[in-house]
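Subject: Handing over a structure

Dear colleague,

I am passing the structure below on to you, together with some notes for someone who has not seen it before. Please read them with the structure open beside you.

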Amino acid sequence: MSFLPIYYYFIVVSFIASLFTLKNKKFFYLKYFSALLFVALLVEFIGPYLASISKNNMYIYNFFSVFEFVFYMFIIQQMISNAIAKRVITITMIIYPIIAIINILFIQGVKRMHTITYAFGCLLIVIACIYYFLELFRHPKSINLSADPAFWLCSGLLFYYCCSFPLFAFVSYWAKYKWMVYNFDIIITILNIFLYTLFTTAFLCSRTRKSISLSS
C-alpha cells in the first residue's frame, strides 16, 4: 500500500463524510458526491498501483478527469438559480465530453495527458465557480457561508482548478526536468488535500440548517 498518495486518505475521509449527506433533502446535490468519491478511490488506487509496476495509467486519469469535469459542472448547475446560466452549463456538459473524448482517442492519445481539453475543462469549472460567487454576492438574503456547502465546494474547486490549470496544461514541458517532477507531485498533493478537506467541510456543514441555497 506504500504506492498510495498521501491525499488518498483525505479522499477516504471525504467519502465517509459524504455518506452522511445521502438523506439531505435541502442540499440534495450532495448525495451524488458519494458515487464520485467512490470512483475517485478506485482510480487513485489502481492508477498508482499501475505506476508502481511500470504500467501506463494515463488512460485511467484521462477518462476520469472528463467524468469529473462533467460532474462538477452538473453540481454547480444545481447551485445557481439563473435559468440561462443553467442552460449554458447543460449544453457545455454535452459538448465538452464529446470534444475531450475525441481528443483522447484520436489526437493526443490515451497514453498521454489530454492537456488541451484538460486545460479547457479547468477553464470551464473556474468560469462556472466565478459565476456562482457573482450570484452569491448579489443574493438579496443573508447567507451563512460557514453553513453553506455550496460555498465550500466552489471555493475548493475554484482554488484547485486555478492552480492546476498551468500545471497540467504544460505537463509535457515540466516532465523534462526531474526537479520539477518532484515539486509537481508535492504541489498536486497539497492541492488535492486542500480540495478534499473543503469537500469534507461542505458535507459536515450541510448538517446544520441555518443557511440559504441560491437555487432555492
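In what follows, buried means under 20% relative accessible area and exposed means over 50%, with partly exposed in between, using a 1.4 Å probe and protein chains only. This is a predicted model, in which local features need a pLDDT of at least 70 and side-chain atom pairs count only at pLDDT 80 or more, while totals for chains, interfaces and linings use all residues. Residues are numbered from 1 along each chain as its sequence is written, and side-chain values use heavy atoms, with hydrogens and water left out.

The chain as a whole

The secondary structure comes to eight helices and zero strands, where helices (H or I, at least four residues) and strands (E, at least two) are DSSP runs numbered from the N terminus. The radius of gyration of the chain, taken over C-alpha atoms, is 18 Å, close to the 17 Å that the globule rule (2.2 Å times the number of residues to the power 0.38) gives for 216 residues, so the chain is as compact as a globular protein of that length. Along its principal axes the C-alpha trace spans about 55 × 35 × 30 Å, and buried residues make up 50% of the 216 residues.

Two residues with opposite surroundings

L191, which lies in helix α8 (residues 178–205), is buried, with a relative accessible area of 4%. Leaving aside residues up to four places away in sequence, L191 touches F159, Y160, C163, S164 and L167, a contact being heavy atoms within 4.5 Å. S54, by contrast, is exposed at a relative accessible area of 69%, and lies in the loop between α2 and α3 (58–79). The phi of S54 is near 60°, a positive value in a residue other than glycine.

The packing of α1 and α2

Helix α1 (residues 8–18) and helix α2 (residues 33–52) pack at an angle of about 155°, with their axes 9 Å apart; axes are lines fitted to C-alpha atoms, for helices over the stretch in contact, and angles run from 0 to 180 degrees between N-to-C directions. That angle makes α1 roughly antiparallel to α2, a term that applies to angles over 145 degrees. The residues making the contact include Y8, I11 and F15 of α1 and F33, L37 and F45 of α2.

Note on methods. Angles under 35 degrees count as roughly parallel, over 145 as roughly antiparallel, 65 to 115 as roughly perpendicular and the rest as oblique.
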